Amino acid sequence: MTLALFILALLILGSAAVAMALRNLIYSALLLIGSWAGIAAFYLWAGAEFVAFAQVLIYVGAISMVVLFAVLLTKQGHAPEPVEFTSLSRFITGLIAGGGVAGVLLGAILGMPLDVRTAQAAPSLTVKELGARLMGPHTASLLVIGLLLTVALLGAVLLASDKRPDQPEDAP
Amino acid sequence: MTFSAQYLWLIPALPLAAAALGAVLPRTGRGLAAGAAIAAMVASFLVSCVALCTALADPAAKLVHNFAWFDLGSGVLRLGWLLDPLTAFMCVMVTFVGALIFIFSLGYMKEDKGYKQFFCFMSLFAAAMLGLIVANSLLLLFVSWELVGLASYLLIGFWFHKPAAAAAAKKAFITTRIGDLGLLLGMLWLYNSTGSLLFFDGGAGVLETAALGSLAAQVTVGGLAVSTAIGLLIFCGAVGKSGQFPLHVWLPDAMEGPTPVSALIHAATMVAAGVFLIARVYPLMAADQVLAHVPVHALTVVAFIGAITALMGAGIAVAQNDIKRVLAFSTVSQLGYMMLALGVGSWVAAIFHLLTHAFFKALLFLGAGSVIHAAHHEQDIRALGGLSARMKVTFVTFAIGTCALVGMPLFFSGFWSKEAILHAAHGWDVSHLPFYAAVLGVVLTAFYNTRLMAVTFFGKPRSPGAEHAHENSPVMTLPLVVLAVCAVVLGFLNTPVWPWLDTMLLGKAEVHGHSLMEGAGLMGLSVVLVALGIGAGWALYWRTTRTSASAPDPLAVRAPRLMTFLAAKLKFDELYDATVGRLNSAAAAFADFLEVWVWGGLVNLLARLGEFTGLVNRETDERMLNGGFDNVSGKVRGTGLAYSRAQTGGVHGYLRFLVLGFVILVLLVVMGGAR
Amino acid sequence: MSPLQLCLILSSLLFCIGLVAVMSRGNAILVLLGVELMLNAANINFIAFWRYGPHPEAGTGIIFVLFSIAAAAAEAAVGFALVIAIYRHQQNIRLQEANRLKG
């Protein structure tokens, strides 16, 4: 089990790191798709099949499309401007900060005794039960999320739409 | 009937009411104004006659009515009226002559536009003159004195659009003012010394023995007795008002006024006010006669000044060519005679001459007015002539007046009054110089009067005005006749045989006359002198009368330089202009300098100080206060600016701080918790 | 080292990669991708605890992750729309230049 985890971890972290370091945005987007796929595989390894499917559907399916559209619409695609580190100092301070956070988190993880069931059978949650839970105790959250998605849709359309006045091609 | 002194105020009040009426009437009321003026004068005359009767009933009594006028706190200022023979005679004379002159003015001023004002001013003058006469207080006398001067100014400058008239009015006022200053000082000194200004006050008045004794006893600067000093100061006022040397310069110029004015004011009454004043305060003037060791007696000064004036006036009159100027200088000369009489000790002679002079000088002036009016305002005697046939009444009355002035013996009043003066001058034991001056004056008087008569009335008319002259209407000739009668009759009031006037004035009980033979020598001398003067005048002017207006004067041919000098009035005006006039201009220039540089400089300095203070204030306000506030608020803004620089707008910066902050916070918590 | 700890370390490292990317890259799209990575790391954390936690049958972890994914999707949509709007304004998508809201 642990070996699978290591390979998955390597895949996820590696593709994520490279994606963040590249200049070409299309390459970054594709590598990130690979990372997301790896995360979905992790979910499968952990036994959360529905979440894995959701991950693939949404992240690999929808969000990556959005990213690609954004890249294309902002002309970062076919004539890739070099996306450069405008200042090295920003990178170093970012690194230091990230390293600090990493250190803190790792220190917390490793230093804290966790009460866990280590060699346990993987839990399972059927889709039917998941659906009953969503429609039952968590209905309010579901509705709120629905509302959120609607508003986000409308907002995104509004923000990204072209606000030029009516074209004369409508005239006869 | 008795007339209480309490009602004496009526005499000046009636003309004053007429003056007030004349002032408020519109120009159409000229007839009413004139009528009121004449009615008031006649009424005053009647009241004066009643007062005269009362006064003559007891000539020695001085009937007074004093009243308190003003409460000063430390003392009370009292005024009063005085009724005695002197007052009564003067009132009667002034009102009578005044009424006659007013009637004459009805004809003389008929065509004048200022007819109504004329009568208003004349009434005002009459009121002031009468007030002067009835006053028992030197203060009241002074007030009336000044009012008389005002009326004189208004009347001399009656035709004020003529520059000569305006200048003459100013000259008269200013010259008399100089004299009035002395009068005022004398008055103040008197009040200071005696505490009263009333003449007679039941023993406490300034002309009564107690006050006079104290005044004569005190000695002031230069060893003069106080009474002498006060007397001389009061005499200054008389010098100005009566045209004595050296303040005589205004009288000839005053002839610019209408002829009735000259008759009333500058012949009969106002100029006599000076003489009257000295006669009134005679006890004060004579108080120092008893003292032996004083440097000068007041009356000596009066006598000498009078003598000089008498001679000077007569001399200048010889060379004048304007009919009114001749008469003006004649007035100056006669006033000199009156002062002379006062000075040598015979104030009754002076008053007698004053009374007779009033009548015959008024007559002469009115006659001159009649001539001027008939000859269409031709005043130069060289351009007249031949009027004896054309203006008979005027000629005869003028001749009577001239005889009185000259002193024709026996039948004319001037003879008796002048005799009295010569007699007194001859008997003066201080010096005989005034007597010689008077004697010479008699000759000159006769001479210039003959010249005047001859040139004006005899011969052929030398100008169209004289040719077309004709006698005036009765309203103008009737007063002449009345005055002529008086000029004859009045003399008999005071002949040496029957000195009635003297007795009345001096307050004696009985009239003691002495025969004519006692003063016969002097009388004969004066007759001879008069004949001498007339003879010389006849020889030069009557025997061969003037042929044309521009022919030279016979005397001027013989003595040209003397005549020019006399004609120029002895160059007094030029002398005064060069000395006093220049001094005045220099003082004015100095005052102007002070005004601009010293006082103006001070004021400017103060202004600059004010400006400077304002500047300092503003600078303090702007620099310190505003600057302080600006500074503080600037600091606040700077601080705000500094803080706002943290808002870089860059997301990365914000995140950096966020993350680092989180790390540090956790570390702190962990490390804090670990301790 | 338990599997849980390994999962947690994985999620922490992924989170830090995303954080470094956000803080150091100037391109707006890459910053948003970094944010997605961070959200994914949080999801991994939730699933790890669901797998090894005391009450897995409650399904809390799963449900929460579902909601998290939905929220991340919405946020990605809006964020990329904003990027397009910024691009229209300044013709590039460098985040340093979008600093008009400053003091």
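# Notebook: chains A, B and C

**Entry 1. Chain C, fold.** I began with the contacts in chain C: of those with a separation of 6 or more, 54% are accounted for by residues 24 or more positions apart. I note at the outset that this is a predicted model. I then listed the elements of chain C and found three helices and zero strands. From the N terminus on, they run α-α-α. I also looked up burial, and 58% of the 103 residues of chain C count as buried.

**Entry 2. Chain C, helix 2 against helix 3.** I examined helix 2 (residues 28–52) and helix 3 (residues 60–90) of chain C, whose axes come within 10 Å and cross at roughly 180°. Angles over 145 degrees count as roughly antiparallel, so helix 2 of chain C is roughly antiparallel to helix 3 of chain C. Which residues make the contact? On helix 2 of chain C I recorded, among them, Leu32(C), Leu39(C), Phe46(C), Phe49(C) and Trp50(C). On helix 3 of chain C the residues include Phe64(C), Val65(C), Ile69(C), Phe80(C) and Val83(C). Gly61(C) and Gly79(C) of helix 3 also take part, as does Glu36(C) of helix 2.

**Entry 3. Chain A, fold.** I turned to chain A, which has six helices and zero strands. Read along the sequence, its pattern is α-α-α-α-α-α. Of its 172 residues, 23% are buried. For contacts in chain A between residues at least 6 apart in sequence, I noted that 55% join residues at least 24 apart.

**Entry 4. Chain C against chain A.** I looked up how many residues each chain brings to the contact: 59 residues come from chain C and 68 residues from chain A. On the side of chain C that touches chain A, helix 1 (3–24), helix 2 and helix 3 each supply at least two residues. Helix 3 of chain C gives the most to that side, with 20 residues. By class, I divided the residues of this side of chain C into 45 nonpolar, ten polar and four charged.

Entry 5. I next took helix 2 (residues 25–46) of chain A and helix 2 of chain C, which pack at an angle of about 5° with their axes 11 Å apart. Angles under 35 degrees count as roughly parallel, and therefore helix 2 of chain A is roughly parallel to helix 2 of chain C. From helix 2 of chain A I listed Leu25(A), Leu32(A), Ile39(A), Phe42(A) and Tyr43(A) among the contacting residues. They meet a set in helix 2 of chain C that includes Ile29(C), Leu33(C), Asn40(C), Ile44(C) and Arg51(C). The residues of this contact are twelve nonpolar, two polar and one charged.

**Entry 6. Chain B, hairpin.** In chain B I looked up strand 1 (residues 63–71) and strand 2 (residues 76–83), which pair in the antiparallel sense over eight bridges. Opposite Phe70(B) I found Leu77(B), in strand 2 of chain B. The two strands form a hairpin with four residues between them. In the turn, Gly73(B) has a positive phi of about 100°.

**Entry 7. Chain B against chain A.** Last, I checked where chain B meets chain A: six residues of chain B are in contact with six residues of chain A. I classed the residues on the side of chain B that touches chain A as four nonpolar, one polar and one charged.

Key:
Residues are numbered from 1 along each chain as its sequence is written. Chains are lettered from A and ligands numbered from 1 in the order in which they are written. This is a predicted model: local features need pLDDT of at least 70, side-chain atom pairs count only at pLDDT 80 or more; totals for chains, interfaces and linings use all residues. Two residues are in contact if their C-beta atoms, placed from the backbone, lie within 7 Å. Ala, Val, Leu, Ile, Met, Phe, Trp, Tyr, Cys and Pro count as nonpolar, Asp, Glu, Lys and Arg as charged, and the others, Gly among them, as polar. Axes are lines fitted to C-alpha atoms, for helices over the stretch in contact, and angles run from 0 to 180 degrees between N-to-C directions. Angles under 35 degrees count as roughly parallel, over 145 as roughly antiparallel, 65 to 115 as roughly perpendicular and the rest as oblique. A residue is buried if 20 or more other C-beta atoms lie within 10 Å of its own, exposed if 12 or fewer, and partly exposed in between; C-beta atoms are placed from the backbone. Two strands pair if DSSP finds at least two bridges between them.
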